[in-house]
Amino acid sequence: MIANYKAWFLTHHGRVRESNEDALVIGDEVFCEQDFEVPRYLEGTFSSYLCVADGMGGCEAGETASRICCEAFSGCSDQNEEELRNRILEVNHEIYRQSMETPAWAGMGCTVAGLTFLGEDLHAFNVGDSRIYRMQDQFLNQLTKDDTAAQALEDAGVWERGQTRPSNSHSLTQ
């Protein structure tokens, strides 16, 4: 299926990092290793993936991992959930493979959140703490759950949002 989209994106290196580790793919176009300190607007059509990847803070080569991730989704068109799951696993294996081959990239990784059409249906997915939201009636609704220790503690009823966060609650579980 081909869909029209209107997208705004803003990315920034944050308060701690000197460089930006974010990457974005819309259809065939990949945006990476740049700061967009003002919102950037794009519109067009896409029939494949719309994804954002964020290099893992504190690890080596996060910007490389996010670029590899988005390039792997660029221009692809999967037909069902199994193909989508396989693509995510393949991306993970490719990032891991390259991290093992290049010592300077050891331990690199990224989170990813995206949208894709599987047949006529639009599917949202994420790995890590990058999120998908839907704006409806001027409200944002979170569609995906974080893969973090904090989310696991919340799901288990051990911790509630608003309480002091347990140590290492920001750790990724996927």
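Tutor: First, a term: contact means heavy atoms within 4.5 Å. Note too that this is a predicted model.

Student: Leaving aside its neighbours within four places in sequence, which residues is Arg 40 in contact with?
Tutor: Arg 40 sits in strand β4, residues 36-46. Its relative accessibility is 30%, so Arg 40 counts as partly exposed. Beyond four places in sequence, its contacts are Ala 7, Trp 8, Phe 9 and Phe 31.

Student: How many Å apart in space are Arg 40 and Phe 9, C-alpha to C-alpha?
Tutor: Phe 9 is among the contacts of Arg 40. In sequence, 31 residues separate the two. In space, the C-alpha to C-alpha distance is 5.3 Å.

Student: What share of the contacts in the chain with a separation of 6 or more comes from residues 24 or more positions apart?
Tutor: The chain has three helices and nine strands. From the N terminus, the order is β-β-β-β-β-α-α-β-β-β-β-α. Among contacts with a separation of 6 or more, residues 24 or more positions apart account for 57%.

Student: At roughly what angle do the axes of helix α1 and helix α2 cross?
Tutor: Helix α1 covers residues 62-73 and helix α2 residues 81-101. Ala 65, Ile 68, Cys 69, Ala 72 and Phe 73 in α1 meet residues of α2 including Arg 87, Val 91 and Glu 94. The crossing is right-handed. The axes come within 10 Å, and the angle is roughly 140 degrees.

Student: Is Arg 87 buried or exposed?
Tutor: Arg 87 lies in helix α2. Beyond four places in sequence, Arg 87 touches Tyr 49, Ala 72, Phe 73, Cys 76 and Asp 78. The cut-off for buried is under 20% relative accessible area. Arg 87 has 17% relative accessibility and therefore counts as buried.

Student: Which residue forms a salt bridge with Arg 87?
Tutor: A search of the whole structure finds five salt bridges. In the one made by Arg 87, the closest N and O atoms are 2.7 Å apart. Both partners are buried. The partner is Asp 78.

Student: Why are Glu 71 and Arg 67 separated by about one helical turn?
Tutor: Their side chains meet in a salt bridge, 3.2 Å from N to O. Glu 71 is partly exposed at 41% relative accessibility, and Arg 67 is partly exposed at 22%. The separation is about one helical turn because the two are four residues apart in helix α1.

Student: Which residues are linked with Glu 94 in a network of salt bridges?
Tutor: Glu 94 and Arg 97 lie three residues apart in helix α2, about one turn. Their side chains meet in a salt bridge of 2.6 Å, N to O. Glu 94 is partly exposed at 26% relative accessibility, and Arg 97 is partly exposed at 36%. Linked with Glu 94 in the network are Arg 97 and Glu 101.

Student: What accessible area do Tyr 133, Met 135 and Leu 140 have together?
Tutor: Tyr 133 is in strand β8, residues 133-136. At 39% relative accessibility, Tyr 133 counts as partly exposed. With Met 135 and Leu 140, Tyr 133 forms a nonpolar patch on the surface. Together their accessible area is about 350 Å².

Student: What percentage of the residues of the chain count as buried?
Tutor: The accessible surface of the chain comes to about 10600 Å². Carbon and sulfur atoms hold 48% of that surface. Of the 174 residues, the share that counts as buried is 37%.

Key: Residues numbered from 1 in each chain as written. Predicted model: local features only at pLDDT ≥ 70, side-chain atom pairs only at ≥ 80, totals over all residues. Heavy atoms only, no water. Patch = residues over 30% accessible without salt bridge, like charges linked within 9 Å, V, L, I, M, F, W, Y side chains within 5 Å. Areas by Shrake-Rupley, 256 points an atom, 1.4 Å probe, with all protein chains shown as cover. Salt bridge = Lys/Arg side-chain N within 4 Å of Asp/Glu carboxyl O. Buried < 20%, exposed > 50% of the residue type's maximum accessible area, 1.4 Å probe, protein only. Axes fitted to C-alpha atoms, helices over the stretch in contact; angles between N-to-C directions. Left-handed = near helix turned anticlockwise from the far one by under 90°.
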